[in-house]
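Open your viewer and get the selection tool ready. We'll hop through a handful of stops, one selection at a time.

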Amino acid sequence: MKIVVLVKFVPDATAARAFGADHTTDRVGVDGLLSELDEYAVEQALQVIEAAGEGEITYVTMGPENAGAALRKALSMGGDQAVHVLDDALHGTDALGTSLVLAKVLEKLEYDLVVAGMASTDGGMSVVPVMLAERLGLPAATFASTLSVADGKATIRRDGDLASETVEVTLPALVSVTDQTGEARYPSFKGIMAAKKKPVTTYTLADLGVAPDQVGLGGAATEVVEVTARPPRQAGVKVNDEGDGGVKLAEFLASQKFI
Amino acid sequence: MASSVERLLPSEEARELLGLTREIADAELAPAAAAAEHEGVFPREALRKLGRAGLLSLPYDPAYGGGGQPYEVYLQVLEELSYAWLTIGISVSVHSLACFPLAEYGTDAQRQRWLADLLGGEQLGAYCLSEPQSGSDAAGLQTRAVRDGEDYVVTGTKAWITHGGVADFYNLLVRTSGDGPRGISCLLAPGQLAGMSFGEPERKMGAKGSRTAQVILDGVRVPAERRLGQEGQGFSIALAALDAGRLGIAACAVGLAQSALDFAASYATQREQFGRPIGSFQGIQFLLADMATAVSAARALYLEAARRKDAGLPFSVEAAKAKLFATDAAMRVTTDAVQVLGGYGYVEDFPVERYLREAKVLQIVEGTNQIQRMVIGRALTG
């Protein structure tokens, strides 16, 4: 069983975050870390390998130099090796371009299963996994709250508002997993030390046969026109209880369509 | 609040280890401490997580699954864990102590058989020396072990046992002959032997999450192959284990005191009286300054003792000094932290009253501070 896990280095949500002059997320001047939602993907991949009793995991990321920290974190949790796509021309690449680059990486790797998080904690679009599956011609089962792999098939449960679906895909396939799949493990002390010795291969766009104008801000199909800071929170509605507090609360909730 | 202590560490490996420790302490331990201490819930799951992260076997041989860390590093991990939650620090220290007799005095065959399990992170150990009638006078212990064929038959009661009833293995210091220190032997008993039972958990004034109970031994058959060291060597094993254990308690005390100091200093910058933060008054500043100095001195003392141990030098007296000074400092610092908070310090809404209650036990365990003074005094006067 060979698994590829897609991971992303994102700005630390608890630290100061900023945008560059070109409206891209500042990924260099801020503290970053492995996207928390990708930790669930790492955990699920590790569990699939543990259940199978054999196999290997390759982590793939695309990002600036410091994105290597996300690979090291994932490797310290477990797994075998990593690929880092590092190229200045990638700056400002949108989801479509990202999926193109990742597809080129995947073409160089052997895999039975590709696992991704449900979204990145910075962009939050959730589209890269399905775009990648489309490019590779893989069946995709997304937003899994459970994942199991057996007999050449991956089975997920996808919990919607109205129903839970069980979806089965034949391997090779792509799966994205949610935070419902279960808490990700901490790295172990030995895992951290072992991770330093695990191989990380760096690819440039030229290595992947991607032209610089296919990616980056220039190659992006989408454009961020404006970035506006979220307005500060307004004072809420205060309900004075004059014997009818319960009714007023219910009316408020109903007016906001909570009930 | 995350610990902000800047540490001089001997290796990149140690820096990674402290980073991992803080990550787990901030995310898993600190947020859970107050409620678990209030309810008196033993944090077995949190300890399992530490075990899986490799934090329960740091000072032991990597060949058996240990972390291969010097005491200088292991103790600073213990300090960080105690900073977040003292009960966890005590558990890790006691577990490490409980692995010591097998690791240091077991034969190669015994280590091959059992040590990897003890260090594997899934098990917790206990160390049973004290008895209801023998505390500081440890050599007065009365629990009898009588050889019968391939077994020792053990009868007696062990008291104040950390992890009593929840441990997976117990080091039993037992009397195999005569009176006095030379008639004591050490047995490594698994947790579930016929005839072994446990008292009700003690209702303590602090560290309520930490399980403390009597271990009652009624004709328990422990295979003789589980004796560590020679018959009669038990008391010297016990003392050697305690030397290392005292360093652990000193580190726990520094973590606790640092936590009280940080909380009090932060409070002093926020709480206003007479129109300004109380931290701007010299009366409060001097209190905080003395607290900070005591914490730094205590840390320096345990690190000095640890470095002696790591270098293979004698360290018993230095361990006694570190345990004495650090735990007395923790008592004083936590008391003064309550004072800085005033009435708010005396109520459960803030953690410092708990810190004060927790500090007290550290002056008592692993040899009372009077025993530490005896050790130091005897070394001076022969």
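A term for the first stop: buried means under 20% relative accessible area, exposed means over 50%, and partly exposed sits in between (1.4 Å probe, protein chains only). Strands here are DSSP runs of E with at least two residues, helices are runs of H or I with at least four, and both are numbered from the N terminus.

Before you click, some housekeeping. This is a predicted model, where local features need pLDDT of at least 70, side-chain atom pairs count only at pLDDT 80 or more, and totals for chains, interfaces and linings use all residues. Residues are numbered from 1 along each chain as its sequence is written, chains are lettered from A and ligands numbered from 1 in the order in which they are written, and side-chain values use heavy atoms, with hydrogens and water left out.

**Stop one: strand 1 of chain A**

Select residues 2-6 of chain A. That's strand 1, and four of its five residues are buried. Two strands count as paired if DSSP finds at least two bridges between them. Click Val5(A) and you'll find Tyr59(A) of strand 4 standing opposite.

Next, show residues 113-117 of chain A. Strand 6 also runs parallel to strand 1, with three bridges between them. Here Ile3(A) has Leu113(A) as its bridge partner.

**Stop two: an open sheet in chain A**

Strands of a sheet pair through backbone hydrogen bonds, either parallel or antiparallel. Which way does the pairing go in the open sheet of chain A? Antiparallel, with three strands in the order 8-9-10. Strand 8 (146-150) and strand 10 (164-170) of chain A are the edges, each pairing on one side only. Select 153-159 of chain A for strand 9, which five bridges join to strand 8. Val149(A) stands opposite Ala154(A) there.

Switch to a surface view and pick Val237(A), which is in the loop between helix 7 (216-219) and helix 8 (245-255) of chain A. Val237(A) is exposed, because its relative accessible area is 64%.

**Last stop: chain B**

Jump to Gly283(B), in helix 7 (residues 282-310) of chain B. Is Gly283(B) buried or exposed? Exposed, because its relative accessible area is 55%. Finally, draw a distance to Val340(B), 57 residues apart along the chain: the C-alpha atoms are separated by 9.7 Å.
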